[in-house]
Amino acid sequence: SKMTSVRVYCRIRPFNKREIGLGNLVSPMEIQGKNIILASRKKKYVYDHNFDEHSTQEDVFGIVGQTVIGDFMEGFNATQFVYGQTGAGKSWTMMGVKDNAELSGIIPRSSALIFQMITERPEGWKFEIESSYLEIYMERVNDLLDPDKQGLDVKETKDRGVFVPGLTSESVSCLDDIYEIIDRGDKIRKVAATKMNAGSSRSHSVLSIHLEQINPEGVKISSQLNLVDLAGSERLEKTGATGETLKQGTLINLSLTVLSQVISGLSKISAMTAEQAKKQPIPFRSSKLTRLLQTSLGGNAKTGLSVHVSPHLDNLDESISTFEFGKRAKLIKNNAKAKVQRSAAQLEKELEKLQAAYNKLKDAFEKLSGGKLPAGFLES
């Protein structure tokens with residue numbers, strides 16, 4: 001068990017065509033190491049790492065992705081998600097161009113690294129891997145691997161934590177299996193064109209990978225990885241959304257507002273006593289998104305958040321809102337516990353060691369006390 005802060009990263013994308021058309025291509029934000037400086041607003045934000053417009057997909061994965069996969073392979077539940085306004089480059093960072101070695105994002109690179117690390121395990125290790133893929137579309141949880149499973153429930157039990165009953169989970173044995181799951185899901189996931197983004201995500205998506213590892217001594221290590229691509233916050237006057245796209249944007253904003261409220265509530269807990277923290281209301285149940293992320297935020301997981309912003313002055317208010325979100329998220333503490341189950345043989349060995357230590361201690365006390373011990377003292 002280990003208390004860890006949510007790791008927060010920032011990525012500033014290059015100017016896009018719309019922003020180039022607006023002119024004024026001098027960014028109001030500057031990266032100085034771990035600091036983001038907004039001189040015109042006299043603001044500074046400090047994150048674990050910042051990526052400028054020249055950063056590559058490999059640069060980002062080398063710091064963000066490798067960390068979360070390292071946690072996952074050690075037996076911790078792990079989550080990586082992205083946040084920012086629509087068109088800020090979130091899906092590019094998470095997925096990129098899947099089959100392109102240079103342009104692929106965190107999801108395909110993470111999948112490849114998992115199987116690479118599996119092949120590098122010593123002889124005698126066994127592995128079982130399953131994967132699921134879902135979207136939250138207009139506050140409905142939909143199975144991206146089975147179009148007939150729409151509007152699924154979100155449940156919670158003591159043993160399983162938060163989960164989606166009936167969600168398709170398929171066994172995978174190689175990288176191609178993961179890619180096939182991604183391809184099937186992405187054909188169903190909702191996207192639409194807006195003035196801010198030609199391929200705007202209209203839903204939040206969660207690709208989950210569950211791994212069970214058994215080492216040669218029979219120790220079982222279980223963990224779950226959640227790779228989350230959030231739809232972006234939207235302003236109607238900028239997106240030009242109408243009809244169904246407008247309705248989608250409204251519900252996207254609603255779920256992101258609840259997420260912000262959850263982040264805000266959890267950030268306040270870090271400065272509270274245990275008794276005060278119990279009374280702090282956290283609206284996890286107010287949205288399907290926050291319900292699914294409940295374990296990842298303040299729970300049993302190691303979590304990374306990447307905030308994404310536009311470099312242009314025209315989007316500065318939205319960027320500041322994103323920076324503030326990241327600032328609050330960095331205050332959240334998770335209580336991550338590796339799930340390691342020892343085998344019966346290993347437990348027997350540990351019991352034998354404890355018994356031997358007990359016998360040794362008992363003999364020492366008997367010598368010191370002239371062969372007699374107080375009644376009930378050091379009884380086995």
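1. A residue is called buried when its relative accessible area is under 20%, exposed when the value is over 50%, and partly exposed in between (1.4 Å probe, protein chains only). Helices (H or I, at least four residues) and strands (E, at least two) are DSSP runs, numbered from the N terminus. By these terms, 6 of the 6 residues of strand S2 (residues 7-12) are buried, so S2 is largely enclosed by the rest of the structure.

2. A note on the basis of these remarks is in order. This is a predicted model, in which local features need pLDDT of at least 70 and side-chain atom pairs count only at pLDDT 80 or more, while totals for chains, interfaces and linings use all residues. Residues are numbered from 1 along each chain as its sequence is written, and side-chain values use heavy atoms, with hydrogens and water left out.

3. Strand S2 is covered on both faces. Arg 7, Tyr 9 and Arg 11 are buried on one side, and Val 8, Cys 10 and Ile 12 are buried on the other. In a regular strand the side chains alternate between the two faces of the sheet.

4. The pairing of S2 may be considered next; two strands pair if DSSP finds at least two bridges between them. S2 runs parallel to strand S17 (residues 302-309), and 6 bridges join them. Within this pairing, Gly 304 in S17 stands opposite Arg 7. S2 also pairs with S6 in the parallel sense, over 3 bridges, and there Phe 51 in S6 is the bridge partner of Arg 11.

5. Which strands form the open sheet, and in what order? The sheet has 3 strands in the order S3-S4-S5, and the pairing is antiparallel. Strand S3 (30-32) and strand S5 (43-46) are the edge strands, each of which pairs on one side only. From one strand to the next, the twist averages 25 degrees; angles run from 0 to 180 degrees between N-to-C directions, and axes are lines fitted to C-alpha atoms, for helices over the stretch in contact. Strand S4 (residues 35-38) is joined to S5 in the antiparallel sense over 4 bridges, and Ile 37 has Lys 44 in S5 as its bridge partner.

6. Helix H10 (residues 316-329) lies across S4 and S5 and runs at about 45 degrees to S5. A salt bridge, defined as a side-chain nitrogen of Lys or Arg within 4 Å of a carboxyl oxygen of Asp or Glu, is formed by the side chains of Lys 43 and Glu 324 (4.0 Å, N to O). This pair links distant parts of the chain, with Lys 43 in strand S5 and Glu 324 in helix H10, 281 residues apart. Lys 43 is partly exposed at 31% relative accessibility, and Glu 324 is partly exposed at 22%.

7. The structure holds 14 salt bridges. Another of them joins the side chains of Lys 330 and Asp 48 (2.9 Å, N to O). Lys 330 is in the loop between H10 and strand S18 (333-336), and Asp 48 is in the loop between S5 and strand S6 (49-51), 282 residues apart. Lys 330 is partly exposed, with a relative accessible area of 26%; Asp 48 is partly exposed, with 29%.

8. Is Arg 291 buried or exposed? Arg 291 is buried, with a relative accessible area of 6%. Its side chain meets that of Glu 156 in a salt bridge (3.3 Å, N to O). Arg 291 lies in helix H9 (residues 288-292) and Glu 156 in strand S10 (residues 155-157), so the pair ties together parts that are 135 residues apart in sequence. Glu 156 is partly exposed, with a relative accessible area of 41%. Elsewhere, salt bridges that share partners join Arg 7, Asp 71 and Lys 302 into one network.

9. Ser 260 has its place in helix H7 (residues 243-269) and is buried, with a relative accessible area of 18%. Contact means heavy atoms within 4.5 Å. Apart from neighbours within four places in sequence, Ser 260 is in contact with Tyr 83, Phe 325 and Arg 328.

10. Gly 151 belongs to the loop between strand S9 (140-143) and S10 and is partly exposed, with a relative accessible area of 33%. Neighbours within four places in sequence aside, Gly 151 is in contact with Arg 140, Val 141 and Asn 142.
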